[in-house]
Amino acid sequence: MRIAVVGGGVAGSLLAWRLREQSPDVLVDVLVGDPSTPDASGASGGLVRAFETAPDACRIAAESLAEVRGSPMLREWTGYREVGAVYLLPEGVDPSASLREVDDVLPGSARVGTAARLAEDFGFRGLAPDAIGVVERCAGYISPALLRAHALVWLAHNGCEVRRTVVSEVTPEGGLRLADGTEHEYDVVVVAAGAWTPALVPHGRTLRTKQIQYGVYRMRVPGLGAFVDEPTGLYGRPHGEGTFLLGLGCDRWDVDPAAVRPDAALADRVVSSARARFGVDVRHSSPREVVASFDCYREPSGLALLPIPGSSSVFTFTGGSGGAAKTVVGVSRHAARMLVRGLAGVAG
């Protein structure tokens, strides 16, 4: 059986690694595209935590984080840094069900913090008296680019072909047409090409591209690790001594990956939001340190392996909504198991 994984980002490389691990007799080709082209894996800030407001999303995020923390190899591959995390909740959201999911996988990691405690311990300002947040001890950030690089090296040394070539077309029957004009047939094709996925499978499910952007800013907030401020949309993590990686949600949809440029107004809003929320001086670290990238989104959001309608041979593995770093370790394991079982059924 031959499987092609189209896309050498963190999703595609991890899926190929899992496939080779779980079924060494399956031949896996990874087509990574042009390595000089920027992508979401190279730009991602890599925040990882277990808590999500949707309980069903907590389980896989918690499993992913637990596997990284428990594996010396994955800790090295990901460059995991445990700095803790705070998730400020929108008004009226009850975190109880999600906290039960987190506690089942990472006992004692998460707790609820009141507005007073969040202000005292982490420097948040302007919170409503009844505001709450979820504080996680087992959380932090990884480097998706480093994880991708380690996985591709492992694949190349373990019987997989890693091809640096551009795919121009994917057929519903599992065929690939490459930019050099050659055509190849596979038993299964998984398109994990991020923002390029919609163009490669226009006959597939509805997928959209969206700009994502963050910057590195000078800001000192003692005790603060990774955070998500759901009411304002601000998020961030420590980047170095006296600096934070900070971002806000961007509303630029259906962007061309080749034409994404930094939004200066959005970068200025990040500064204003951070100043208001933490009450400290926040400054641009450098104009060059505002990163504009893109990702592939779907509804419902979240990284998932999905067959395209009308085909039993072609799947997409995307839809991470800018946050695949939290779940890719766990989701890739489940996705590979699904594919291997499906191939075994066909062979039987």
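**Helix crossing and cavities**

Modeller: The crossing of α1 and α7 is left-handed (the near helix is turned anticlockwise from the far one by less than a right angle). The model is predicted, so local features need pLDDT of at least 70 and side-chain atom pairs pLDDT 80 or more, while totals for chains, interfaces and linings use all residues. Residues are numbered from 1 along each chain as its sequence is written, and side-chain values use heavy atoms, without hydrogens and water.

Colleague: At what angle do the axes of α1 and α7 cross?

Modeller: Roughly 35°, and the axes of α1 (residues 10–22) and α7 (residues 144–156) come within 9 Å. Axes are lines fitted to C-alpha atoms over the stretch in contact, with angles from 0 to 180 degrees between N-to-C directions.

Colleague: Which residues of α1 and α7 make the contact?

Modeller: Among them are Leu-14 and Trp-17 of α1 and Leu-147 and Trp-154 of α7 (contact means heavy atoms within 4.5 Å).

Colleague: Turning to cavities, how many of 30 Å³ or more does the structure hold?

Modeller: Two. A cavity is a set of points on a 1 Å grid over the protein atoms alone where a 1.4 Å probe fits but cannot get out, and lining residues have an atom within 4 Å of a point.

Colleague: What volume has the largest cavity?

Modeller: About 50 Å³, the space filled by probe spheres set on the points. Its lining includes Val-48, Ile-142 and Lys-326, and α3 (residues 55–70) gives the largest share, three residues.

Colleague: Which element gives the most to the lining of the second largest cavity?

Modeller: β14, with four residues.

How values were computed. Helix = DSSP H or I, 4+ residues; strand = E, 2+ residues; numbered from the N terminus. 1 Å grid on protein atoms, 1.4 Å probe; cavity = no way out; pocket = protein on both sides within 12 Å on 5 of 7 lines; lining within 4 Å.
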